[in-house]
Amino acid sequence: MKVKVPNILKSSPLIRRHVENPILDATRVPYPTALVFNAGVTKFKGRYVMVFRNDYGSLKEQTLEPHHTTDLGIAFSEDGIHWEVSPQKCFRLHDEEIIRAYDPRLTVIDGRCYMCFAIDTKHGIRGGIAVTDDFEEFEILSLSSPDLRNMVLFPEKIDGKYVRLERPFTVYSRGGEDRFDTWIADSPDLKYWGNSDLLFGVEHVPFANDKVGPGAPPVKTAAGWLTTFHAVDIDPDRGQNGWEPEWKKRYTAGIMLLDLANPKIILGMYKQPLLAPEAGYETHGGFRNNVIFPGGMILEDNGEVKIYYGSADTVECLATAHVNDLIDLCLKGS
């Protein structure tokens, strides 16, 4: 029996949605598409880069699983707000075993851009890591065993090892209940991963009763690793809430602060949503309404934090806050 989450959740007053939201949608893509969302965003070689999930099937096809009408598009920006989408898509996986790759997350490490992504296969969901220097050619470094997704990399080695956050699908060990938590692991080479530990569970987040998992790759601050996460609650009383016959979930964005030297230590977590679905483009007219999924976070020199998030599984949006305010939220807790 899932714990009931309050029906109304509010975003922190310290965060601001951009007035031009959505900053990217299907109408601004120069090839046929239906949904543009859950992008990875970073700064790379002097400009902003966005790799976005591109679902290009018909609306009817979006409700069919499994399907392979998904690939990754790419856009560039000079200010992180106004985006020019490349006429060429940048990444696609599909063969006899792999159905699709989606939900990219970008991290720059030592001058190279690494992309984590999820893969639907005929034998489970896997997580992948690839590296690129130009977003035209990608070298796939590793593919996890099933069932794992929502992986994000820290932007530098910690104690000589690469570190990532991840969300396993531990259905069997949780008695078949739809309940997933956030884990942390490390690697000597980005290929072989281990030393896995639970970072935090659903029970640690008051506004979740179903899933908690990584959001955008962590950002380094003097106080610790500033880290977003996604939190999901289910309410059986919810009915149709998008294009599907029913959608009982709500996705919100949370924020926490991890220790710089040992990110398995949570220094603080804001016990309320950083972002909850409130704006019209988050709550109405989407593929799956009431969904906020953070996928990119950039700390600017002036202390502004840009948080990029998918909205209603349909469009890409931007919210901003000052880094000191976000750190205070984490350390004060509520």
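The legends below describe an overview and several close-up views of one predicted model.

In this predicted model, local features are described only where pLDDT is at least 70 and side-chain atom pairs only at pLDDT 80 or more, whereas totals for chains, interfaces and linings use all residues. Residues are numbered from 1 along each chain as its sequence is written, and side-chain values use heavy atoms, with hydrogens and water left out.

**Figure 1. Overview of the chain.** The secondary structure consists of three helices and 21 strands; helices (H or I, at least four residues) and strands (E, at least two) are DSSP runs, numbered from the N terminus. The chain is as compact as a globular protein of its length, because its radius of gyration of 18 Å is close to the 20 Å that the globule rule gives for 334 residues. That radius is taken over C-alpha atoms, and the rule is 2.2 Å times the number of residues to the power 0.38. Along its principal axes, the C-alpha trace spans about 50 × 45 × 45 Å. Of the 334 residues, 61% count as buried, where buried means under 20% relative accessible area, exposed over 50%, and partly exposed in between (1.4 Å probe, protein chains only). Among contacts with a separation of 6 or more, 55% are made by residues 24 or more positions apart; a contact means heavy atoms within 4.5 Å.

**Figure 2. The open sheet β1-β21-β20-β19.** This sheet of four strands has antiparallel pairing, and two strands count as paired if DSSP finds at least two bridges between them. Its edge strands are β1 (16-17) and β19, each of which pairs on one side only. Strand β1 is joined to β21 (residues 315-322) by two bridges, and the two run antiparallel. Within this pair, Arg17 stands opposite Ala319 of β21.

Figure 3. Strand β19 (residues 292-299) is mostly covered, with seven of its eight residues buried. Seven bridges join β19 to the antiparallel strand β20 (residues 304-311). Pro294 stands opposite Tyr309 in β20. Four residues lie between the strands of the hairpin, where Gly303 takes a positive phi near 95°.

**Figure 4. The open sheet β2-β3-β4-β5.** Four strands with antiparallel pairing form this sheet in the order stated. The edges are formed by β2 (35-44) and β5 (84-85), each pairing on one side only. Two bridges join β4 (residues 70-77) to β5, and these strands run antiparallel. The bridge partner of Ala75 is Val85 in β5.

**Figure 5. Two residues with positive phi.** Most residues other than glycine have a negative phi, and most peptide bonds are trans. Asn38, although not a glycine, has a positive phi of about 50°. Asn38 lies in strand β2 and is buried, with a relative accessible area of 4%. Phe135, also a residue other than glycine, has a positive phi near 65°. Phe135 is located in the loop between β8 (124-132) and β9 and counts as buried at 6% relative accessibility.

**Figure 6. Two cis peptide bonds.** The peptide bond from Asn21 to Pro22 is cis, with omega near -10°. Pro22 belongs to the loop between β1 and β2. A cis peptide bond also joins Pro146 and Asp147, with omega about -5°. Asp147 is placed in the loop between β9 and β10.

**Figure 7. Ser144 and its surroundings.** Ser144 is found in the loop between β9 (139-143) and β10 (148-153). With a relative accessible area of 11%, Ser144 is buried. Residues up to four places away in sequence not being counted, Ser144 touches Arg126 and Gly127.

**Figure 8. The contacts of Leu199.** Leu199 is part of strand β13 (residues 194-200) and is buried, with a relative accessible area of 9%. Apart from neighbours within four places in sequence, Leu199 is in contact with Leu165, Thr182, Trp183, Ile184, Met256, Leu258, Pro263, Lys264 and Ile266. Leu267 lies 68 residues from Leu199 along the chain, and the C-alpha atoms of these two residues are separated by 12 Å.
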